[in-house]
Amino acid sequence: MTKWILILIFGLGGAVIGLVTSLLTPPKYTAKLSFALVEKSAGGGGLADLASSFGLSSMLGGGSSGAFSGDNLLEIMQSPHTIQQTLLSPVVYQGKKQNLVEVYIQFNELRKGWEKNENNKELQTLSYPIEQKRESFTRTQDSVLNSIYDKIIKSNALTIARKDKKLSFVNVSFTSKDEVFSKLFEEKLMEVTYGFYKETRTAQSRANINMMQAKADSIRRLYESSLYRSAGYSQVNINQALAFAAVPKLKQEYNSQLYATVYTEVLKNLETLKLDMARETPIVQIIDTPRFPLEKERLGKAKAMVTGGILGGGLIVFYLLGAMFLKSALKE
């Protein structure tokens with residue numbers, strides 16, 4: 001009978017602990033977003049012909065989309081580069097413009113622990129100013145940023161998955177103790193990912209456009225210079241005895257016509273490159289975006305009490321059984 005009373009007491013104690021835990025545990029807010037990635041291809045046509053004329057056909061073969069094929073995009077969204085860039089993105093939080101990492105530090109009250117750290121004085125005044133370049137980060141700044149990334153990944157706060165492998169829809173969810181942070185983080189994560197994707201996907205096209213633009217500018221300068229020289233020669237006093245003086249003027253007029261023709265063709269090819277890059281640029285179609293109020297998850301009182309009661313009762317039962325077996329073994 002005494003053992004049953006002991007089990008009851010421990011069960012009730014566990015239930016009380018569960019209730020207190022439920023009351024003290026802050027709720028978690030989950031932001032959910034879904035999107036579809038629309039891939040486009042520039043194809044051959046004018047771009048391929050133009051590239052081959054400049055010896056660049058091999059550079060255009062295959063493109064740069066391989067890194068984003070299949071489920072690679074999902075891995076990139078969870079990579080240290082993407083998440084850390086997201087944390088270093090400026091947002092307006094409670095009326096103040098600051099980086100997301102500062103918001104994370106604030107609502108997790110990390111600075112309270114840092115203030116007591118005597119081994120690293122830098123932690124006591126650590127901050128992430130918006131204007132600071134990543135290259136100038138100190139070892140401590142990098143270390144804290146890496147630890148925050150590890151915590152986000154290991155706690156499964158961020159989940160990214162395709163609902164169906166046959167579909168292009170991707171579901172993204174992020175959970176934290178701060179409702180505003182959850183929403184801002186997920187929106188910035190999508191923004192950083194798409195920016196990186198677009199930059200990589202169109203890198204070769206932009207390089208080709210820059211090269212063609214430089215050629216166009218060079219030819220335009222030659223054309224304008226030729227026009228000025230031709231105008232200068234037209235002022236020469238030409239007569240029958242000095243007919244040869246017209247030769248330089250005729251050359252400049254010929255050069256001007258040649259430059260004008262070449263410049264026109266280069267401009268046409270430049271526009272072709274720009275159109276091809278526009279067709280090559282991928283589109284991210286946002287299907288669902290996080291909106292307030294976010295989904296709220298809290299440890300229910302009843303669930304916490306039942307779980308605590310079972311754990312408390314279970315522990316004392318295992319203890320009593322262990323004591324009984326140990327006592328029996330010692331007698332033998």
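**Surface patch, pocket and cavities**

F318 counts as exposed because its relative accessibility is 65%, and exposed means over 50%. This residue belongs to helix α12, which covers residues 301-331, in a model that is predicted.

**Nonpolar surface patch**

- Together with V317, L321, M324 and F325, F318 forms a nonpolar patch on the surface, and the accessible area of these residues together is about 510 Å².

**Largest pocket**

- The largest pocket has a volume of about 300 Å³, and its lining is made up of 15 residues, of which K28, S155, A157, T175 and S176 lie nearest its centre.
- Two or more residues of this lining are given by each of the elements α6 (100-107), α8 (139-154) and β5 (169-176), and the largest share, three residues, comes from β5.

**Cavities**

- The structure holds two cavities of 30 Å³ or more, and the second largest cavity has a volume of about 40 Å³.
- The second largest cavity is lined by F35, L37, L73, M190, T193, Y194, Y197 and V284, with β1 (28-38) and α9 (179-201) as the elements that give two or more residues to this lining.
- Helix α9 provides the largest share of the lining of the second largest cavity, namely four residues.
- Seven residues of the lining of the second largest cavity are nonpolar and one is polar, while no charged residue is found there.

How values were computed
Residues numbered from 1 in each chain as written. Predicted model: local features only at pLDDT ≥ 70, side-chain atom pairs only at ≥ 80, totals over all residues. Heavy atoms only, no water. 1 Å grid on protein atoms, 1.4 Å probe; cavity = no way out; pocket = protein on both sides within 12 Å on 5 of 7 lines; lining within 4 Å. Points joined across faces, edges and corners; volume = space filled by probe spheres on them. Patch = residues over 30% accessible without salt bridge, like charges linked within 9 Å, V, L, I, M, F, W, Y side chains within 5 Å. Areas by Shrake-Rupley, 256 points an atom, 1.4 Å probe, with all protein chains shown as cover. Salt bridge = Lys/Arg side-chain N within 4 Å of Asp/Glu carboxyl O. Buried < 20%, exposed > 50% of the residue type's maximum accessible area, 1.4 Å probe, protein only. Nonpolar A, V, L, I, M, F, W, Y, C, P; charged D, E, K, R; others polar.
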